[in-house]
Amino acid sequence: MRVAIKSTRKRWRVRLGRCLAMISLIHLGSANALTTSGTSFTVSLPIVAGCTISSPSGTVSFASASTAAPADVTSSMSVTCTNTTPYNTYFTSANTVTGNTTRTLRGTGGNLATVSYQILSGATAIGNTNLTGLAGTGTGSATVTTLTFRITSAWALIKPDTYSDVVTMNVDF
């Protein structure tokens, strides 16, 4: 029986030794884990100030009139600027004196007569320079403004004709 116990103890010692050896290898293996190497890079997104505009489409026409000034006409414009971008919107035309907020419709053909009108936002007449225009600050979304077109000439003095003006909407930012 003694021989059997010695041989069983020997087997257990061998097994224990093997287990300890394996644990040591596992432990050494984790100490020799993979080394990580890396490099840094930059991701960038340049945002530049910008604006787009949408002016009244087509023709803004006053109704035909014969004995009284036509009613005001309304239309809308929109300005879309990058967030926090200050802007100024104004209207230019060849028939308007620089810096003026009163505009001129000219007669056609040989008629040299003119009709004065204004473009307004609320009660404010919009001029034809960035100093006399509508100021705002971009939000990244469209800002829509209702425009009112109003005849300002003395109606009784206007000759019969078709009067017109070509207007360009501008935005400075």
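## A buried cysteine

Cys51 is buried, at 16% relative accessible area. The model is predicted. Cys81 is buried too, with a relative accessibility of 3%. Both values fall under the 20% cut-off for buried residues.

## The disulfide

The structure contains one disulfide. Its partners are Cys51 and Cys81, with an S to S distance of 1.9 Å. That distance is within the 2.5 Å limit for a pair of cysteine sulfur atoms, so the pair counts as a disulfide.

The torsion about the S-S bond of Cys51 and Cys81 is about 115 degrees, and the disulfide is therefore right-handed. Cys51 belongs to strand E1, residues 51-54. Cys81 belongs to strand E2, residues 73-81. The pair therefore ties together parts that lie 30 residues apart in sequence.

## Asn95 in its loop

Asn95 sits in a loop. Asn95 is buried, because its relative accessibility is 15% and the cut-off is under 20%.

## Partners of Asn95

The side chain of Asn95 has a polar contact with the side chain of Arg106, at 3.3 Å. Arg106 is also among the residues that Asn95 touches. Leaving out residues up to four places away in sequence, the list is Thr104, Arg106, Ser164 and Asp165.

Technical notes: Residues are numbered from 1 along each chain as its sequence is written. This is a predicted model: local features need pLDDT of at least 70, side-chain atom pairs count only at pLDDT 80 or more; totals for chains, interfaces and linings use all residues. Side-chain values use heavy atoms; hydrogens and water are left out. Helices (H or I, at least four residues) and strands (E, at least two) are DSSP runs, numbered from the N terminus. Buried means under 20% relative accessible area, exposed over 50%, partly exposed in between (1.4 Å probe, protein chains only). A polar contact is a pair of N or O atoms within 3.5 Å; within protein, one must be able to donate a hydrogen and the other to accept it, and residues adjacent in sequence count only if both atoms are side-chain atoms. Contact means heavy atoms within 4.5 Å.
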